[in-house]
Amino acid sequence: MTLFEKLRCLFTFGQGVALPLPAIDENADPFSLFKLWFDDANKSGVLLPEAMSVSSVSQDGQPSCRMVLLKEFNQDGFIFYTNYSSRKSQELNTNDKIALLFHWNVLQRQIRIEGCVEKVSAEQSAKYFHSRDRGSQIGAWASKQSSEIQTDTELADSVTYYTKKFAGNPVPLPEFWGGWRIKPNYIEFWQGRASRLHDRVCFKQHNNQWKNFKLQP
């Protein structure tokens with residue numbers, strides 16, 4: 001984080017409390033509001049505004065969460081990429097229900113998203129995979145994500161192996177790596193206010209249409 005970004009972050013800290021909540025038409029869609037808030041977070045100096053908590057649930061009902069980076073969003077949903085053998089992917093394979101959380105403290109804002117997931121196409125995963133730096137591409141092959149490490153040199157040895165294997169050639173997309181698309185059915189926008197009288201604007205999907213309403217703080 002640069003000095004300028006730190007100063008900008010300090011200058012804007014807490015400004016969300018004073019921001020007016022945008023007027024929301026009854027026919028509004030949550031993706032437009034998400035883009036507006038996401039752009040605000042980018043402008044405010046938030047470090048990694050695309051960072052989000054992803055929560056999945058195991059077969060025995062145990063929830064787990066972790067931070068990942070949002071890579072794309074549009075009317076079709078929100079996309080992140082990972083190893084399909086990871087714990088989160090294994091859980092999503094057996095239970096496609098998922099929850100996301102964005103928290104931007106500088107703006108006193110958070111967005112909760114609930115829905116289900118689907119895998120993106122191999123073509124889309126490959127396009128993103130090859131946009132990454134080569135080290136990250138090698139790392140995707142080298143790491144058996146969520147597997148227990150047996151020796152201190154196991155991961156380094158694996159990096160060395162795949163670095164040599166793909167030397168002089170493009171790194172192919174691993175068949176065990178790709179994107180998940182979250183298709184939301186509920187999105188809640190939370191705006192912090194003084195005296196804890198926060199705004200909670202919610203969108204819920206019904207019959208392929210979005211309906212919005214507010215909740216008590």
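A residue is called buried under 20% relative accessible area, exposed over 50%, and partly exposed in between (1.4 Å probe, protein chains only). The model is predicted, so local features need pLDDT of at least 70 and side-chain atom pairs count only at pLDDT 80 or more, while totals for chains, interfaces and linings use all residues. Residues are numbered from 1 along each chain as its sequence is written, and side-chain values use heavy atoms, with hydrogens and water left out.

**Nonpolar cores**

- A nonpolar core is a set of buried Ala, Val, Leu, Ile, Met, Phe, Trp, Tyr and Cys residues joined through side-chain atoms within 4.5 Å.
- The largest such core has 31 residues, of which Phe34, Phe78, Phe80, Ile111 and Ile113 touch the most other members.
- Elements that each supply at least two residues of this core include α2, β4 (77–83) and β6 (109–119); α2 gives the most, with six residues.
- A second, separate core of 13 residues includes Trp141, Phe166, Val171 and Trp177.

**Aromatic rings**

- Rings of Phe, Tyr and Trp (its six-membered ring) pair if their centres lie within 6.5 Å; planes under 30 degrees apart count as stacked, over 60 as edge-to-face and the rest as tilted.
- There are 22 aromatic pairs in the structure.
- Tryptophan 141 and tyrosine 162 form a tilted pair, because their ring centres are 5.6 Å apart and their planes stand at 35°.
- This pair links helix α5 (residues 134–142) with helix α6 (residues 154–165), its partners being 21 residues apart.
- Tryptophan 141 is buried at 16% relative accessibility, and tyrosine 162 is buried at 17%.

**Salt bridges**

- A salt bridge is a side-chain nitrogen of Lys or Arg within 4 Å of a carboxyl oxygen of Asp or Glu; by this rule there are nine.
- Arginine 112 is bridged to glutamate 114 (3.3 Å, N to O) and to glutamate 188 (3.3 Å, N to O).
- Arginine 112, in strand β6, and glutamate 188, in strand β7, are 76 residues apart.
- With a relative accessible area of 2%, glutamate 188 is buried, whereas arginine 112 is partly exposed at 30%.
- Salt bridges that share partners join Arg112, Glu114, Glu188 and Arg200 into one network.

**Surface patch**

- Leu47, Leu48 and Leu69 form a nonpolar surface patch with about 270 Å² of accessible area together.
- Patch members have over 30% relative accessible area and no salt bridge; like charges are joined within 9 Å, and nonpolar side chains (Val, Leu, Ile, Met, Phe, Trp, Tyr) within 5 Å.
- Leucine 47 is exposed, at 58% relative accessible area.

Key
Accessible areas come from the Shrake-Rupley method with a 1.4 Å probe; for residues, only the protein chains shown count as cover. Helices (H or I, at least four residues) and strands (E, at least two) are DSSP runs, numbered from the N terminus.
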